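Please have a look at this model.

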Amino acid sequence: MQKAAVIIFLLAALAAQEAPAEANRDSLIEAWEAHIASLPGTTRLEALGNDVYAFEDTDLPYEGELTIVGALVRPAESAGLKTRYSHTGMVDFRLADLPAERLSSQVYYYWLTDRQTLHYSEAEQRWVDPATYQQSITNMYSSGASYGGLSFMLNYGIWIILIGLVIFVFVAVGKQAKKARSLMDESAAINKKARENIDRAQGLQDELLAIARENRDLQSENNELLRKMLEVFRREPKQK
């Protein structure tokens, strides 16, 4: 009986969605009701009024009241998609009979992932579930040459940039190494020339020292010769 009620609710929601829907709170709630009712785990979704529902779900699992806390519709264009999505809608709800410790569990947050957010297709003029939205994005990147370059850059762009940086670094390092080698060669040539000049200066200094010694010896010989001449001159008058 409960499953039949869910089917009736789902058929009614689908019938209501045959007419184009605007992106507003009312259409979001209707689409959300149809989406929740269509999920495999939902066995009961019955409106009780004032955004309160009798809800049963075997995936969580849960049986009790579901209360809509808020519904938000915001523009969210996704330029470039074949099916253009102009709005994003979120329905926030509370499971009144779910224990507090289960509200903070990872299972609960995982369960919420495809039960709160819907996307409005401007081309189809209707709200679509997260799975349909993700599939359209996947199709966009996997089909058509117009997106080939974008897909290639998304997949390999970082590697191209890294390879380019590595090549740039190697080239820069090579240039710096070549420049350093050139400077080292110039320094070696300058040092060699300086050593040659030092050796030449040392040779000149040795020659000057040798000349100085010769001059000293000659001066000594001249002094000795003069001394002897003076002695001769001193002796001559005595002989007369």
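His119 sits opposite Val128 in strand 6. Strand 5 (residues 117-121) and strand 6 pair in the antiparallel sense, over three bridges. Two strands pair if DSSP finds at least two bridges between them. Helices (H or I, at least four residues) and strands (E, at least two) are DSSP runs, numbered from the N terminus. The model is predicted: local features need pLDDT of at least 70, side-chain atom pairs count only at pLDDT 80 or more, and totals for chains, interfaces and linings use all residues. Residues are numbered from 1 along each chain as its sequence is written, and side-chain values use heavy atoms, leaving out hydrogens and water.

Next, the rings. Rings of Phe, Tyr and Trp (its six-membered ring) pair if their centres lie within 6.5 Å; planes under 30 degrees apart count as stacked, over 60 as edge-to-face and the rest as tilted. The count comes to nine aromatic pairs. Tyr85 and Tyr133 are edge-to-face, at 4.8 Å centre to centre with 80° between the planes. This pair links strand 4 (residues 85-95) to helix 5 (residues 130-142), 48 residues apart. Both Tyr85 and Tyr133 are buried (under 20% relative accessible area; exposed is over 50%, partly exposed in between; 1.4 Å probe, protein chains only).

Phe93 and Trp111 have ring centres 6.1 Å apart and planes at 85°, so this pair is edge-to-face too. Phe93 is buried at 4% relative accessible area, and Trp111 is buried at 5%.
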